[in-house]
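Here's a quick briefing to get you started. Have a look at the sequence and the 3D view, then read on.

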Amino acid sequence: MMRVGQRAGGRSQQRGTDGGPDVRDAGSRPGETAGPVLRAVGLTRVFGQDESLVWAVDGVDLDVPAGQTLAVTGPSGCGKSTLLQLLGGLDRPTDGEVWLGGRRIDHLGERALAALRRRTVGFVFQDFHLMDELTATENVELPALLAGASPRAARHRAAGLLERVGLADRARHLPSELSGGQRQRVAIARALVNEPLLVLADEPTGNLDSAATHDILRLFDELRAAGQTLVMVTHDERVAATADRIVTLRDGTLADITPLDGDGRGDGGGTGLGALLSWED
Ligand SMILES: Nc1ncnc2c1ncn2[C@@H]1O[C@H](COP(=O)(O)OP(=O)(O)O)[C@@H](O)[C@H]1O
Ligand SMILES: [Mg+2]
C-alpha cells in the first residue's frame with residue numbers, strides 16, 4: 001500500500017548521498033560525461049497536504065548508464081508516471097536529486113530546465129501529445145526549431161526521421177489522418193529530433209493495438225541497437241521484455257527484478273518473466 005498520511009517519525013530524509021556523480025559541466029558535451037547518463041538519488045515526490053499526503057515516489061535510487069534501455073514496470077498508481085516526470089525535469093522532487101549527463105537538474109531554474117529538457121530529453125507519451133494542426137513533418141521539426149536549428153536543417157532532420165520510422169509517405173498528413181500507431185511513430189521521431197541524451201517513454205503502447213505495438217517495439221529495438229539511452233514506463237510485459245534491464249515500482253519504491261550482469265540484457269523474454277510481471281492493472 002502506498003504511504004499516505006503523515007510521514008512516520010524516525011525515518012531519515014537523507015539517503016544515497018555517498019559518491020555523487022562525476023560532474024563535468026564546463027564545455028563538455030553531455031554524451032562525454034563519465035558517469036551514468038541518468039542518476040536519481042533518494043528521489044521523492046509527495047502530493048497533497050497534512051493528512052492526505054501521498055508518497056507517489058518514495059526514495060528512489062537509480063543509475064542508468066549510457067546506452068541502456070530500462071523498463072520501469074508496476075501496477076497502476078504505483079508512481080511510474082510521476083517518476084518519469086521527475087527524471088525528465090517535467091516535475092520537481094520534494095526531496096532527492098536528479099542528475100542528467102553528469103549535471104544536477106532538480107534545482108535548475110525554470111528557463112534553464114526547459115532549455116536542458118529541449119536539448120537532452122525526448123519524451124514519448126501514451127496519448128502521443130502531437131499538435132493537431134501541424135503535419136507529421138511540422139510536429140517532428142518543431143523541437144529542432146525551438147532548439148535553434150535552421151528551418152532547412154530542421155526539415156532535413158524531420159524527413160530523415162520520418163523515413164526511419166517508416167512514415168515518409170505520411171509526412172504531410174495531420175495527426176487526425178494517421179492511425180494511433182502512426183501517430184506514436186511520429187511522436188518517436190519528434191523525440192529523437194534533437195538527438196537526445198535520454199529518451200523517456202510513458203506507456204508508449206498503452207493506446208495501441210497489437211500490430212501497432214509490434215511496430216513500436218521494433219523501433220525501440222532499433223534505438224537500443226543504436227545505443228540510445230532509454231527509460232520506458234510500461235505495464236505491458238512485451239514492452240518490458242525488449243529492455244536491457246527491468247525494475248519494478250511498488251508504492252513508489254523501486255525493486256530490481258532483473259540483475260544487471262553479463263551483457264546487461266537481463267532476462268528479456270526468458271523464463272519466468274511473464275510470471276514476474278503478471279499483475280492486475
Ligand atoms: N498531480 C497529482 N496530485 C496528487 N496526486 C497525484 C498527482 N499525480 C499523481 N498522484 C498520485 O500519485 C500516485 C502515483 O501516480 P502515477 O505516478 O500517475 O502512477 P502510475 O503512472 O504508476 O499509474 C497515485 O496515487 C496518484 O493518485
Ligand atoms: Mg502512469
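Predicted model: local features only at pLDDT ≥ 70, side-chain atom pairs only at ≥ 80, totals over all residues.

Residues are numbered from 1 along each chain as its sequence is written, while chains are lettered from A and ligands numbered from 1 in the order in which they are written.

**The whole chain**

- The protein chain has 8 helices and 10 strands; these are DSSP runs numbered from the N terminus, with helices being H or I of at least four residues and strands E of at least two.
- Of the 281 residues in the protein chain, 44% are buried. Buried means 20 or more other C-beta atoms within 10 Å of a residue's own, exposed means 12 or fewer, and partly exposed is in between, with C-beta atoms placed from the backbone.
- Among contacts with a separation of 6 or more, 69% join residues 24 or more positions apart. Two residues are in contact if their C-beta atoms, placed from the backbone, lie within 7 Å.

**The buried side of α4**

- Ala 154, Arg 157, Ala 158, Leu 161 and Leu 162 are the buried residues of α4.
- Looking down the axis of α4, you'd find those buried residues within an arc of 130 degrees, so they line one face of the helix. (The arc is taken from the directions from the helix axis to the C-beta atoms.)
- What do they pack against? The buried residues of α4 pack against α3 (136-146) and α5 (180-192).
- After α4 comes Gly 166, with a positive phi near 80 degrees.

**How α3 meets α4**

- The axes of α3 and α4 come within 8 Å and cross at roughly 130 degrees. Axes are lines fitted to C-alpha atoms, for helices over the stretch in contact, and angles run from 0 to 180 degrees between N-to-C directions.
- On the α3 side, the contact includes Ala 136, Val 140 and Leu 145, and on the α4 side it includes Pro 151, Ala 158 and Leu 162.

**A closer look at Gln 85**

- Gln 85 sits in helix α1 (residues 80-87).
- Gln 85 is buried, because 20 other C-beta atoms lie within 10 Å.
- Setting aside neighbours within four places in sequence, Gln 85 is in contact with Leu 90 and Asp 91.
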